[in-house]
Amino acid sequence: MTSFSDSTYSSKDYSDFRPSYPPALYTTLIDYHKGPRNLAIDLGCGPGTGTYPLTSYFTKVIGSDPSSVMIEQARKALAAKSQSNLEFVVSAAEEISSYIDRPRSVDFISASQAAHWFQHDKWFKECARALRPGGTLTYFGYKDHFYVGNKIVNDIMMDFSYGDKYLGPYWEPGRKLLRNQYRDFVPPSDLFTDVQRIEYNAGESDTSGQFMAKAMTLEASESYVRTWSSFHNWCKDYPGEIARRDGGQGDVVDRLFDRVKKVSGWTERTILQVEWSSIMVLARRL
């Protein structure tokens, strides 16, 4: 269980301040997919950020997440929409059978920004059980936001993210898998075929594999950092440090962005071009 399942974690902030997934990402997925589009499952769906776009391509979509906090947020959003082909369930990624008991009945399984938290041997076997032959398994992740054109700020951000004095000690083990762009676990060759990887590293001149990029204010960037699991874990050790926006004297994120403003000359309203390194893995059920 990750920090995202904590009752004190703000699923609303996650929904509001995490980047959304662009249409090009789903075009890539659907171009790869073959055969029927009756049922899709989105695992580790959080508040449904990556789930809703699938409803345009599949007759029925189910989003699942082990966090009841995340699913509550997803269901609140769903209640405000007229979306009849989507539902959300509380379930671990390795337990698809808890709501889909018929083998080989799923056409498409996805996991966005989540696969690094799974028990991979068990998860791959469960996906293979649920998917029809030729069905698609895909998992996608992004990491380490990058301010285009400002190396000094990017170096500060990396030190803050992974340095021992800041948030480095507060990441959970899955973060290392994401930072290594999912090279540490691959779809088993006895269960899946036609495995493809689409990898992008922020700052590359060739942006053909880029999926995650957006213009955002420095203020929005700060709010995004506050959705990190490492920051949530840091707060547990420093409950007396309260963010200025919440009426306190400031916390580790306030101090980070004080430093960023000083070296860059940016203000909270400065609009920045931000991109993320990313990895997409696609595989087909044998």
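A residue is called buried here when its relative accessible area is under 20%. By that cut-off, strand S4 of this predicted model, which covers residues 106–112, is mostly covered, with 7 of its 7 residues buried.

S4 pairs in the parallel sense with strand S1 (residues 39–43) over 4 bridges, and within this pairing Ala40 stands opposite Phe108 of S4. S4 also pairs in the parallel sense with strand S5 (residues 131–147), here over 6 bridges, and Ser110 has Thr138 in S5 as its bridge partner. Between S4 and S5 the chain passes through helix H4 (residues 120–130), and this β-α-β crossover is right-handed.

## Helix H3

Helix H3 (residues 68–79) has 12 residues, which at 1.5 Å a residue should span 16 Å, and this agrees with the 16 Å that separates its end C-alpha atoms. Its buried residues are Val69, Met70, Ile71, Gln73, Ala74 and Leu78, and these pack against helix H1 (11–17), strand S2 (60–65) and strand S3 (86–90).

## Positive phi angles

Most residues other than glycine have a negative phi. Gln113, in the loop between S4 and H4, has a positive phi near 55°, and Gln113 is buried, with a relative accessible area of 9%. Asp144, placed in strand S5, has a positive phi of about 50° although it is not a glycine, and at 11% relative accessibility Asp144 also counts as buried.

## Salt bridges

Side chains of opposite charge can pair when their charged atoms come close. Across the whole structure, a search finds 21 salt bridges. In one of them, Asp13 is joined to Arg245, with the closest N and O atoms 4.0 Å apart. Because Asp13 lies in helix H1 and Arg245 in the loop between helix H8 (229–237) and helix H9 (252–264), the pair ties together parts that are 232 residues apart in sequence. Asp13 is partly exposed at 24% relative accessible area, and Arg245 is partly exposed at 45%.

Arg269 forms a salt bridge with Glu219, the closest N and O atoms being 3.0 Å apart; since Arg269 belongs to the loop between H9 and strand S8 (271–285) and Glu219 to helix H7 (residues 218–225), this pair ties together parts that are 50 residues apart in sequence. Arg269 counts as exposed at 61% relative accessibility, whereas Glu219 is partly exposed at 30%. Arg226 and Glu222 form a salt bridge whose closest N and O atoms are 3.2 Å apart, and both of these residues are buried.

Methods
Residues are numbered from 1 along each chain as its sequence is written. This is a predicted model: local features need pLDDT of at least 70, side-chain atom pairs count only at pLDDT 80 or more; totals for chains, interfaces and linings use all residues. Side-chain values use heavy atoms; hydrogens and water are left out. Buried means under 20% relative accessible area, exposed over 50%, partly exposed in between (1.4 Å probe, protein chains only). Helices (H or I, at least four residues) and strands (E, at least two) are DSSP runs, numbered from the N terminus. Two strands pair if DSSP finds at least two bridges between them. A crossover is right-handed if, with the strands pointing away from the viewer, the path from the first strand over the helix to the second runs clockwise. The expected span of a helix is 1.5 Å times one less than its number of residues. Contact means heavy atoms within 4.5 Å. A salt bridge is a side-chain nitrogen of Lys or Arg within 4 Å of a carboxyl oxygen of Asp or Glu.
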